[in-house]
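Take a look at the structure below and let us walk through a few of its parts together.

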Amino acid sequence: MVKTLEKVDAVVVGSGWAGGIAAAELTKKGYKVVGLERGKAQKREDFVGAKDELRYDVRKLMFQELNKETLTIRNTLDETATPNRSNDTNAINGTATGGSGVHWNGMVYRWLPTDFEMHTKTVEKYGEKIIPKDMQLQDWGITYDELEKYYDQFEKTAGISGEPDPLRPGQRSDEYPTPPMKETDIIRTFTKAAKDLGYHPYRIASANISETYTNPDGETINGCVYCAFCESFGCDFGAKADPIATVLATANKSGKYELRNNSYAVRIVHENGKAVGIKYVDTETGEEFIQPADIVVVAGFTFTNTRLMLLSEIGKPYNPKDGTGVIGSHLTAHQRNLTHTRVRGFFDEKKFNRYAGTGALGVTMDDFNVEQLDHTKLDFLHGFCLRTSQRGDRPITNNHVPAGVPSWGKEFKDKSIFYANRRIDVQQQNGALAWRENYMDLDPTYTDMFGDPLLRVTSKFHDQDRNIVRYAHQRGKELLEQMGADHITVPEITEETEFDKTSLSDHTGGGVVMGDNPETSAVNNYSQVWDMDNLFVVGASSFPLMGSSNPTATVGALAYRAAEGMIKFLENGGGQLVKKEETAKA
Amino acid sequence: MADNNSNNPKNTNEVSDPGRRNFVKNTGIAVGGVAGGALLGGLFSSRSKNDTNSNTAGDKGSGKEKRYEEARMYFTRIADFAILEQAVERIFPEDDNGPGAIELGVPYYIDKQLAGPYGSNVGDFRQGPFIGSKAAASDSSLDRGQIFINGLRTMDAESQKRFDTNFVKATEDQQVEIMTDFADDKVEVKGISSKGFFNLLRSTTLEGAYCDPLYGGNRDMKGWKMKEYPGAIASYAHMIEEDKFVKMDQVSLTDYQPK
């Protein structure tokens with residue numbers, strides 16, 4: 001028996017950055033919000049004394065257990081997909097209060113003006129011909145300049161520590177709220193080499209913050225102590241901006257927010273083109289509920305958002321054969337076995353304090369971003385950042401050795417110990433563009449714990465995807481040579497390097513994408529669904545591409561924009577916030 | 001390794017002797033290797049408690065700590081455990097840097113992991129059909145515990161086939177040859193690729209060498225000491241800007257967590 005509960009102003013699926021921002025902004029305006037979080041309740045106290053690499057970073061305690069729900073994966077349309085069965089192969093999805101926003105590293109980048117108008121700018125600069133067959137470039141229906149104030153709002157909520165990118169003058173309305181993090185020997189070594197080569201390094205903007213800060217909502221984030229347990233961990237010291245410390249605290253103190261944990265959203269309930277509410281299961285009791293609301297906000301991760309739309313039969317599912325439909329299209333990611341491979345430099349005479357650090361402690365440069373490159377001379381579109389970071393190497397997961405050394409046995413042990421603190425990595429993060437046959441739909445075979453179909457991911461690497469990484473690796477190698485590394489290991493990217501169960505990362509986007517045209521997008525620039533005015537789908541699911549840096553700030557900015565739209569919608573009695581006829585020019 | 005014993009129960013008992021010998025050696029060293037400062041109090045109080053236990057149990061009369069937690073939780077056959085000991089020591093051998101996997105407690109660490117939720121894949125997606133690649137341990141319809149049993153016994157059978165002796169009794173070079181072929185996916189193992197089993201063996205060996213000692217591996221934080229990894233340190237804010245390498249005393253969660 002499904003029990004229907006009392007109606008509220010808004011029901012929000014998810015309590016990560018996207019859902020947390022929506023909840024904070026709506027409750028500040030006095031609206032009553034119910035949050036549904038599939039994971040357990042957690043608070044800062046849960047993270048005290050949690051410096052346990054095995055439990056958190058290896059066994060992935062803060063990630064969704066796959067016995068409840070997972071993805072199936074295949075490369076091509078004619079293959080049978082198989083499930084990603086273990087977080088050993090790949091842990092992607094956060095869970096519990098605060099979502100992935102709790103265990104993130106805290107790297108904060110603003111995406112580039114070109115990212116938001118990728119199709120227009122590419123055609124302007126090079127003509128339509130440069131776009132490879134089957135690549136799907138799309139504008140977002142919003143420009144960087146329009147989004148800037150929301151980036152600023154996110155940075156101020158999170159107290160971000162940083163300094164401006166020298167190659168992007170005039171793109172900030174204000175400074176970062178706190179100064180950059182401390183500088184380490186590794187950062188100094190990278191910075192000098194980059195400057196020697198004529199590049200423009202600057203400090204990575206960080207959500208592990210340089211000094212104690214109180215945000216405009218009155219929430220305080222402590223100064224980071226560089227304890228080296230950041231990614232995969234909740235912060236022991238309340239020194240990482242996460243949804244628990246910021247937006248959820250703001251929502252809670254309004255008295256208008258109720259977060260229900262262990263509440264698994266299974267359908268968006270809708271009637272006559274309007275969302276009615278969310279059907280969910282209390283996983284502690286097995287009871288089913290419908291939470292009705294004036295507006296329904298789906299703010300889970302890419303996969304949750306896409307799957308809920310498909311299961312609820314809202315919008316037209318994407319068809320890769322003829323390119324029609326939208327739900328499930330534009331799947332892009334920073335692939336762990338491609339984008340996230342690193343060039344490693346080993347130093348025989350120099351030791352660094354690699355065991356110390358924090359998630360976003362590092363230095364980055366934009367000299368090879370999409371706006372800096374001349375693509376007529378290159379075999380790829382978009383670009384990349386190059387950087388090094390000092391997160392604090394932990395011993396189980398860091399056993400890197402120079403090329404040619406075996407991965408076990410006497411020499412391995414000796415060299416992995418010798419080089420444990422004698423290493424600098426250069427990492428690129430490149431833009432990932434959408435392809436016609438990389439998409440998501442519902443799996444025909446495998447089901448979740450409720451018997452609903454799993455989400456199926458179909459994806460394949462293209463030459464472009466491999467070429468940009470190979471090119472970036474060479475630039476990383478040059479930087480390490482300039483730093484004086486004695487041995488440099490460049491990952492081999494061959495034709496056999498292919499999308500597999502290890503590929504997808506927490507930087508995965510698409511499925512419910514944003515645009516200016518309902519034919520090719522699911523949501524408008526307020527993350528409002530074109531086909532259903534009172535439904536907002538917020539998060540990385542709205543990205544038509546994955547930019548060349550970390551996505552969280554863009555999720556945050558879009559969530560602030562979406563929250564503004566929700567408030568307008570509630571204040572003005574509904575309707576589309578973006579007029580289709582004005583914007584659907586394509 | 002000099003311990004080339006046959007596989008009969010009596011002699012296999014001797015196989016675990018290096019561990020026992022090292023255990024005695026380790027605990028002698030441990031008190032001297034303690035991290036400094038405020039941590040001493042807690043460490044000594046828990047140690048003296050163990051000493052009392054040891055004495056009560058009539059252990060060797062030397063006042064050395066007895067490791068009551070080192071008995072098999074998962075492996076039922078001592079022969080399987082003996083193969084595991086030799087295999088993990090080949091992956092992470094004793095050398096000039098310091099102890100190998102056996103002395104670090106890796107075999108018992110793995111035994112405990114396999115006896116718990118990780119060994120029976122509790123958090124994993126286990127719905128069939130199990131089709132396609134068996135490249136990763138989690139793709140197998142076997143759970144991790146079963147993978148270890150099949151893998152270790154296949155290593156033993158391979159040794160019998162190639163060298164007419166069991167794995168534990170084979171020379172180090174022979175053991176390494178077999179394990180190399182497992183790593184290169186050249187051996188048939190029922191229900192899992194040999195590479196999938198080997199990768200699981202390797203990753204759990206490194207876990208046991210470097211995990212917090214609370215899990216039974218990284219005995220006396222000796223894995224961390226070799227690697228100059230400090231462990232659970234509250235703050236590096238005072239030294240993060242240093243140009244020089246800073247060597248620090250190790251701190252385990254036993255000492256770090258509030259009690």
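Met440(A) stands opposite Val457(A), a residue of strand E23(A). Keep in mind as you look that this model is predicted. The two strands around this spot are E22, residues 439–447 of chain A, and E23, residues 453–458 of chain A, and they pair in the antiparallel sense over 5 bridges. Now follow the chain from one strand to the other: E22(A) and E23(A) form a hairpin, with 5 residues between them. In that turn you will find Gly451(A), whose phi is positive, at about 90°.

Next, turn to chain B and its helices. Two packed helices are described by the angle between their axes and the distance between the axes. For helix H4 (residues 78–91) and helix H7 (residues 172–183) of chain B, the axes come within 10 Å and cross at roughly 85°. Angles of 65 to 115 degrees count as roughly perpendicular, so H4(B) is roughly perpendicular to H7(B). Which residues make the contact? H4(B) brings Gln86(B), Ala87(B) and Arg90(B), while H7(B) brings Glu172(B), Gln175(B), Val176(B) and Met179(B).

Finally, see how the two chains meet. Here 51 residues of chain B are in contact with 44 residues of chain A.

Note on methods. Residues are numbered from 1 along each chain as its sequence is written. Chains are lettered from A and ligands numbered from 1 in the order in which they are written. This is a predicted model: local features need pLDDT of at least 70, side-chain atom pairs count only at pLDDT 80 or more; totals for chains, interfaces and linings use all residues. Two strands pair if DSSP finds at least two bridges between them. Helices (H or I, at least four residues) and strands (E, at least two) are DSSP runs, numbered from the N terminus. Axes are lines fitted to C-alpha atoms, for helices over the stretch in contact, and angles run from 0 to 180 degrees between N-to-C directions. Angles under 35 degrees count as roughly parallel, over 145 as roughly antiparallel, 65 to 115 as roughly perpendicular and the rest as oblique. Two residues are in contact if their C-beta atoms, placed from the backbone, lie within 7 Å.
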